[in-house]
Amino acid sequence: MREFFVPKKGYRVVFFIGKGGVGKTTSSAAAAIALAEKGYRTLIVSLDPAHNLGDVLMEKLSDKPKKITETLYAAELDMEKLIKTYLKHLEESMKHTYRYLTVINLEKYFEVLSFSPGIEEYATLEAVRDILKKGNEWDVIIFDTPPTGLTLRVLALPKISLIWTDKLIEIRKAILDRRAAIANIHGEQEFTVEGEKFKLPTRENEDAVMKELKAYREEVAFVESVLTDPEKTSVVAVMNPEMLPLYETERAYESLRKFKVPFNMIVMNKVFELKGDVPELRAKLEAQEKVLREVAKKFRGLEIVKIPIFPEEPRGLERLGTLGGKIIGD
Amino acid sequence: MKEREKSPTENLKAFLRGFFGAFKHSSTEYLEFELRELENVFALILMGEFIGIPSPPTTLVIRLLPHMTRELYVMQRRAVDMDDILGELAGMFEIT
């Protein structure tokens, strides 16, 4: 078995990434089944809004892990529902806290917020974090991801969030410093809004904003630490022997390297292997050869597995299991 | 009648309190200005979406908002007094 599928520190997280339609779901399901057959408690989660994990496994799935076999569990996250509940929850807590504050029009703010760019990525990241938090219940967690663009942004988010949080913590420290200096001279400072009095916090451990910043930083740092640990996380790129998926894989490779997320393997899916000579397919085969050569050259040192195109789509546990065996290197 | 008249020492004390109070006040004038600006900037960054600058993680923004009463208030005041910032600066540096 390939070592980047083996759980070393508690659990193993594997992301299957790739362009739309290359076979991410099939490959990830296959790998999950093969791992489960080896006795690892395996959870496969689909983050793709266009769900078809259930179709591949021929089971109806929901956002709660469903038992497929003794060791295999599967779930499909409903992104839209996730975003809705996420915003609903926030809106309620906000309204509660801001009862007395009519200085700004919060309703309007929330309207803007629900369409704010990146909300989908943040919701996805939250979902991934929730699963990783309970990671110890599993040996292997496999994520079937949305097409590359969104996934790369999600994988990059922890790092970007950390940069933001650190900057905000810096400003907050400066604010608290000044408040403390003023309080030293004039005594405790108060602030009144609509008849309610607040004491202005001057110390980090009594400032709610600072506490929230630090709590958030810790949560993000946890995800970041899991994602960048080669003992815990691996990324498998799925692609077809065509030029466009190759370009996309290259870009993914570059940006994952930038964010220090391990990239371990390429599954070359739907490779034509013809016995006789079919003149109509000759150009296609030549193009395929070219891509295969390019891949071998560009991703030297990376594990590349070729999966031939099947006359029938591989569905169902048994056939997927055999295919998965090839992917995990069994 | 007698009660209203304070002893000379008390008068002196009150005078000194006022005298040093003024010093105390002017000693923190710059600090307070700086603090207000920082609070304003902090709120502005979190509200960046409104003015078209990239904004920090939405999750973080929303989690911070409930504790940001003071900063939002300062930001609002700052926006209202926008055209008087130069005046404030001039006053602070005693340019008249």
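Start by selecting R179(A) and E71(B): they form a salt bridge, with the closest N and O atoms 3.2 Å apart. A salt bridge here is a side-chain nitrogen of Lys or Arg within 4 Å of a carboxyl oxygen of Asp or Glu. Six of these cross the interface of chain B and chain A.

Before going on: this is a predicted model, where local features need pLDDT of at least 70, side-chain atom pairs count only at pLDDT 80 or more, and totals for chains, interfaces and linings use all residues. Residues are numbered from 1 along each chain as its sequence is written, chains are lettered from A in the order in which they are written, and side-chain values use heavy atoms, without hydrogens and water.

Now select the whole contact (heavy atoms within 4.5 Å): 37 residues from chain B and 42 residues from chain A. Together the chains bury about 4,000 Å², 74% of it on carbon and sulfur atoms; that is accessible area (1.4 Å probe) lost on putting the two parts together, summed over both. Highlight F42(B), I62(B) and R63(B), which supply 16% of the area chain B buries against chain A, more than any other three residues.

For the contact itself, pick T148(A), L152(A) and L155(A) in α6(A), which meet E248(A), A252(A), S255(A) and L256(A) in α8(A). Helices here are DSSP runs (H or I, at least four residues), numbered from the N terminus, and axes are lines fitted to C-alpha atoms over the stretch in contact, with angles from 0 to 180 degrees between N-to-C directions.

Note on methods:
Helices (H or I, at least four residues) and strands (E, at least two) are DSSP runs, numbered from the N terminus.
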